[in-house]
Amino acid sequence: MSAHCDVTGRAPGFGKSVSHSHHRTSRRWNPNIQKKTYFVPSLGRRVTLTVSAKGIKTIDRDGIDAVIARLRADGRKV
C-alpha cells in the first residue's frame with residue numbers, strides 16, 4: 001500500500017535526522033494512512049479508499065457522496 005491519501009493527496013515528507021554529533025541520515029515522515037471501505041448510496045455499492053486520518057475527517061464533515069463526486073470530477077477512477 002502506497003503512503004498516499006486518495007482524498008487529501010497527503011504523501012510522505014522527506015528530510016534528515018540530525019544526531020547530537022550532527023551526523024545526518026535520511027528519514028521520512030509517513031502520513032497516517034488507512035484502508036477504509038464506505039458504502040456510497042449514489043453508486044449503490046461499497047468503495048475502498050486509502051485515506052489519511054485527515055481524509056477520514058474530511059469524509060465525515062462533507063459526506064462520502066460529495067468526496068466521491070470531487071474525486072470523479074478530478075478524473076480519478078473510484
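Modeller: Gladly! This is a predicted model, so local features need pLDDT of at least 70 and side-chain atom pairs count only at pLDDT 80 or more, while totals for chains, interfaces and linings use all residues. Residues are numbered from 1 along each chain as its sequence is written, and side-chain values use heavy atoms, with hydrogens and water left out.

Colleague: Let me start with helices. Which residues of α1 are buried?

Modeller: First, the terms. Helices (H or I, at least four residues) and strands (E, at least two) are DSSP runs, numbered from the N terminus. Buried means under 20% relative accessible area, exposed over 50%, and partly exposed in between, with a 1.4 Å probe and protein chains only. In α1, the buried residues are G55, I56, T58 and I59. Viewed along the axis of α1, these buried residues fall within an arc of 160 degrees, so they line one face of the helix. The arc is that of the directions from the helix axis to the C-beta atoms.

Colleague: Why do residues three or four places apart point the same way in an α-helix?

Modeller: An α-helix has 3.6 residues a turn, so residues at that spacing point the same way. On the other side of α1 here, K57, D60 and R61 are exposed.

Colleague: What do the buried residues of α1 pack against?

Modeller: Packing is read from contacts, and contact means heavy atoms within 4.5 Å. The buried residues of α1 pack against β3 (33-40), β4 (45-52) and α2 (64-73).

Colleague: And which residues of α2 are buried?

Modeller: In α2 they are I64, V67, I68 and L71. Seen down the axis of α2, they fall within an arc of 95 degrees, so they too line one face of their helix. These α2 residues pack against β3, β4 and α1.

Colleague: How do I read the crossing of α1 and α2?

Modeller: Axes are lines fitted to C-alpha atoms, for helices over the stretch in contact, and angles run from 0 to 180 degrees between N-to-C directions. The axes of α1 and α2 come within 6 Å and cross at roughly 115 degrees. That makes α1 roughly perpendicular to α2. The classes are under 35 degrees for roughly parallel, over 145 for roughly antiparallel, 65 to 115 for roughly perpendicular, and oblique for the rest. At this contact, T58, I59 and D62 of α1 meet I64, A66, V67 and R70 of α2.

Colleague: Which residues have the most contacts inside the largest nonpolar core?

Modeller: A nonpolar core is a set of buried Ala, Val, Leu, Ile, Met, Phe, Trp, Tyr and Cys residues joined through side-chain atoms within 4.5 Å. The largest one has 16 residues, and V7, L49, V51, I59, I64 and I68 have the most contacts inside it. The elements giving two or more residues to this core are β3, β4, α1 and α2. Its largest share, four residues, comes from α2.

Colleague: Is V40 buried or exposed?

Modeller: V40, in strand β3, is buried at 0% relative accessibility. V40 and I64 are 24 residues apart along the chain, with their C-alpha atoms 6.5 Å apart. Setting aside residues up to four places away in sequence, V40 touches R45, V47, I64, D65 and I68.

Colleague: Last one: which residues have a positive phi?

Modeller: Among them is G63, which follows α1 with a phi near 100 degrees. Just after α2, G75 has a positive phi of about 90 degrees. H22, in the loop between β1 (13-18) and β2 (24-29), has a positive phi of about 70 degrees although it is not a glycine.
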